[in-house]
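Have the sequence and the 3D view ready.

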Amino acid sequence: MTATATTSPLNIDIVSDVVCPWCYIGNRAAHPGVEVAIRWHPFQLNPDLPPEGTDRKAYLEAKFGGPQRAAEIYARVSAAGRNAGLALNFDGIQRQPNTLMAHALIAYAQSIEGGGSADAIVERLFKAYFVDGRFVGDIDVLVAIAAECGLDAEATRAVLSEPSTLEQIAALDASVRRQGISGVPFLIFNQKLALSGAQPPEVMLDAMTKSLA
């Protein structure tokens, strides 16, 4: 989610998951002439998946009843992605990841002074999963993505390897759910207005505009 120039600041809290296609598509939204500051919050769409993830075909069977039904659903998502300039490659996804460690990476990037690398990390994670078919549940892949975005690889690996790090992210996920958020994307604009689920660009722009009033 980007903006250009600066008038009034727009703070957006985004609850999302890196395996949510509507989160990726929604991240293309922008309000012209406004400086945007984003705070990312973790939400796992599939918190019960094992750390090593699961076979994508098995996942689709369990979630949608099979690849054919999934293809019907993803056709609409792919069309929306194309309209947003994204070439989503669902067929390239071989394993469905547990995203706890990916959220830990986002939180780590956000904790670094300035936190500016978090937005780049999120964007790179989306692309890695939805376009490049990379397994974002693997620590080596996550460390590589961190390095691609300018983070220190050794320091990143140390953080992601610490069990307490993952415990903290799981606790944040649980906190979000206790607040009544049950799906993503969920966006809060300047602590005034909230939007839940996939929304057309005009609705996003209207919410941004009203929150700046």
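Which residue caps the N-terminal end of H2? Aspartate 55 does, with a side-chain oxygen 3.1 Å from the backbone nitrogen of lysine 57. Before going on, please note that this is a predicted model, where local features need pLDDT of at least 70, side-chain atom pairs count only at pLDDT 80 or more, and totals for chains, interfaces and linings use all residues. Residues are numbered from 1 along each chain as its sequence is written, and side-chain values use heavy atoms, leaving out hydrogens and water.

Helix H2 covers residues 56-64; helices (H or I, at least four residues) and strands (E, at least two) are DSSP runs, numbered from the N terminus. Buried means under 20% relative accessible area and exposed over 50%, with partly exposed in between (1.4 Å probe, protein chains only).

| Face of H2 | Residues |
|---|---|
| Buried | Arg56, Tyr59 and Leu60 |
| Turned away from the buried side, exposed | Lys57 and Ala62 |

Just after H2, glycine 65 takes a positive phi of about 90 degrees.

Not counting residues up to four places away in sequence, leucine 125 touches Val18, Ala102, Ile106, Val136, Leu142 and Ile145, where contact means heavy atoms within 4.5 Å.

Methods
A polar contact is a pair of N or O atoms within 3.5 Å; within protein, one must be able to donate a hydrogen and the other to accept it, and residues adjacent in sequence count only if both atoms are side-chain atoms.
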